[in-house]
Amino acid sequence: MAQPPPRHATMLSLSNSNSNSNSHSNLSSTTTISTPQTQTHLPTPSQSSTGLRVPSNRKTIYDRHLNRSRNAELSRASFAFLFGEMVTYAQRRVTGIQDLERRLNEQGYPLGLRLLDLLFYRTVTGSSSSSALSSSSSTSASPPNRPLRILPLLHLIHGPLWRLLFTRPADALEHSVSPDTPNEYMITDNDPLVNTYISVPKEMSMLNCAAFVAGIIEGVCDGCGFEAKVTAHNQPTEMWPSRTIFLLRFGESVMEREKVLERAGVK
Amino acid sequence: MSYYFTILSPTDVPLFNIAFGTSKSGGDGIARFRFPDTAQYMNQFIIHSSLDMVEEAQWMNGNMYLKHIDTYPPASAYISAFLTPSGARFLLLHQPPHAAGPNANAGGGGGGGGIGGSSSILGGSFAAGSSAARASASSIAANPTSPQTEEAVRQFMAEVYENYVKTVMNPFYRQGMEIRSAVFRSRVTAAGRKWL
């Protein structure tokens, strides 16, 4: 109370400069932020009158090329630290394993939406340069198509998306064999990067931190207009102890549309 | 030629819009719609009404650029659409100038009243305007459905898409947020100046 947070103060001083009389009447109740604050910040309105603050080198994100970091690789150690911290953050005040996985999923979801746009942008502009993107840019002249059916979408996730994230394609792509669940698909990763440095305690053996990746997949599906629920499940084998299966469950609306499109002959 | 460009989120929330005019063949980049009094809301109305067409074409055609998809004859407004893979819609309304056209007049009888009103604004420079229009008869402005126009719009959309991806990659941007960046706006204006 005694020391107001500085950000709050600048906000108030800015609003002060815009409409003096109004915000002053509001300010009168919070006496801690008094005239000295506004006076010290008086020079700022002249600078911020354009409403835009540019970094000192005058380069905004719009001046950077999106393909700049295309072949750059991230330090695996820093990723492991960062991801470990993300799991710790998600673990605060959770009620159980499901809740924790849901939070990891939510962290991945917005990432999926972004990656989708980035992926398409890079396949459009980068098709001229020889790169590891093969499946979707094999027809290098024309830009890639948005996936309209489930199968192209799954190939997009299995191939280009996985390559963008982990520099290799996923290990398997399967359709549910059970006739009751035609809307279920599985993508297998034998050794997910996110779980490499995570050792799950015995009492939480159900937990799979690849729920984060499941969230990314869910974001990609949703972005393309395929409503889906994606979950990550442990399925260890002797050879691959951290083998993970991503289960994609598409919604009914998607399955209905799939039937209509199949009849219309859309691929 | 006058343009109205808008970006809509997958849930139909307007994220960005801008009106501008052509900069080709001596244009000054200022939008001059045929019915300036009502343009502000009519353009939005026309452009949003084309969403039904977009949603129909969306699942039949996997391209990102859907080309010219809708026309609103009373205002001779042509609408082109571009879909980002993550579901955002870029819609561009273009309206050829009536100075360019005996052919445009023949088409739109309903527009007659409005033309009289708005041409008086441009009346002073009418002679100069018509000569410019003749010079650019084969250019983008004269023919909104020609392949050249489609190509120019495609280039414009591609450039806006690049900037849109940059916006989306910003960690402080969440999907569905309005794009307020002044830099983005100036980039779109520059793209319009370059291609349209």
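## The hairpin of strands 3 and 4 in chain B

Ser76(B) takes a positive phi near 40° in the hairpin of strand 3 and strand 4 of chain B, where four residues lie between the strands. Helices (H or I, at least four residues) and strands (E, at least two) are DSSP runs, numbered from the N terminus. The model is a predicted one, in which local features need pLDDT of at least 70 and side-chain atom pairs count only at pLDDT 80 or more, while totals for chains, interfaces and linings use all residues. Residues are numbered from 1 along each chain as its sequence is written, and chains are lettered from A and ligands numbered from 1 in the order of writing.

Six bridges link strand 3 of chain B to strand 4 (residues 77-83) of chain B in the antiparallel sense; two strands count as paired if DSSP finds at least two bridges between them. Within strand 4 of chain B, Ile79(B) is the bridge partner of Asp70(B), and Ala81(B) is that of Lys67(B).

## The sheet of chain B and its helices

Chain B has an open sheet of five strands with antiparallel pairing, in the order 2-1-5-4-3. Its edge strands are strand 2 (14-21) and strand 3 (65-72) of chain B, each of which pairs on one side only. From one strand to the next, the twist averages 20°. In general, strands of a sheet pair through backbone hydrogen bonds, either parallel or antiparallel.

Two helices are placed against this sheet. Helix 6 of chain B lies across strand 3, strand 4 and strand 5 (89-95) of chain B and runs at about 115° to strand 3 of chain B. Helix 7 of chain B packs on the sheet through strand 1 (2-8) and strand 2 of chain B, its direction making about 40° with that of strand 2 of chain B. Axes are lines fitted to C-alpha atoms, for helices over the stretch in contact, and angles run from 0 to 180 degrees between N-to-C directions. Contact between two residues requires their C-beta atoms, placed from the backbone, to lie within 7 Å.

## Packing of helix 6 on helix 7 in chain B

The axes of helix 6 (residues 147-169) and helix 7 (residues 182-195) of chain B are 9 Å apart, and the two helices pack at an angle of about 165°. Helix 6 and helix 7 of chain B are therefore roughly antiparallel to each other (an angle over 145 degrees). On the side of helix 6 of chain B, the residues that meet helix 7 of chain B include Ala152(B), Phe156(B), Val160(B) and Thr167(B). On the side of helix 7 of chain B, Phe184(B), Val188(B), Ala191(B) and Trp195(B) are among the residues in this contact. By class, the contact of these two helices of chain B holds seven nonpolar, four polar and two charged residues. Here Ala, Val, Leu, Ile, Met, Phe, Trp, Tyr, Cys and Pro count as nonpolar, Asp, Glu, Lys and Arg as charged, and the others, Gly among them, as polar.

Glu151(B) also has its place in helix 6 of chain B. Glu151(B) is exposed, because 12 other C-beta atoms lie within 10 Å. Glu151(B) and Gln175(B) are 24 residues apart along the chain, and their C-alpha atoms are separated by 29 Å.

## The interface of chain B with chain A

How many residues of chain B are in contact with chain A? The contact joins 24 residues of chain B to 24 residues of chain A. Helix 6 and helix 7 of chain B are the elements that give two or more residues to the side of chain B that touches chain A. Helix 6 of chain B gives the most to this side, with seven residues. By class, this side of chain B divides into twelve nonpolar, eight polar and four charged residues.

## Chain A

Chain A contains nine helices and four strands, and its elements run α-α-α-α-α-α-α-β-β-α-β-β-α from the N terminus on. Of its 267 residues, 28% count as buried; a residue is buried if 20 or more other C-beta atoms lie within 10 Å of its own, exposed if 12 or fewer, and partly exposed in between. Among contacts in chain A between residues at least 6 apart in sequence, those that join residues at least 24 apart make up 58%.

The open sheet of chain A has four strands in the order 1-2-4-3, with antiparallel pairing. Strand 1 (172-175) and strand 3 (228-234) of chain A stand at the edges with a single partner strand each, so one side of each has no neighbour in the sheet. The twist averages 20° from one strand to the next. Strand 3 and strand 4 (residues 244-250) of chain A run antiparallel and are joined by seven bridges; in strand 4 of chain A, Leu248(A) is the bridge partner of Val230(A). Helix 7 (residues 150-166) of chain A packs on the sheet and touches strand 1, strand 2 (184-189) and strand 4 of chain A, its direction making about 15° with that of strand 2 of chain A. Helix 8 (residues 211-223) of chain A lies across strand 3 and strand 4 of chain A and runs at about 160° to strand 3 of chain A.

Conventions
Parallel < 35°, antiparallel > 145°, perpendicular 65-115°, else oblique.
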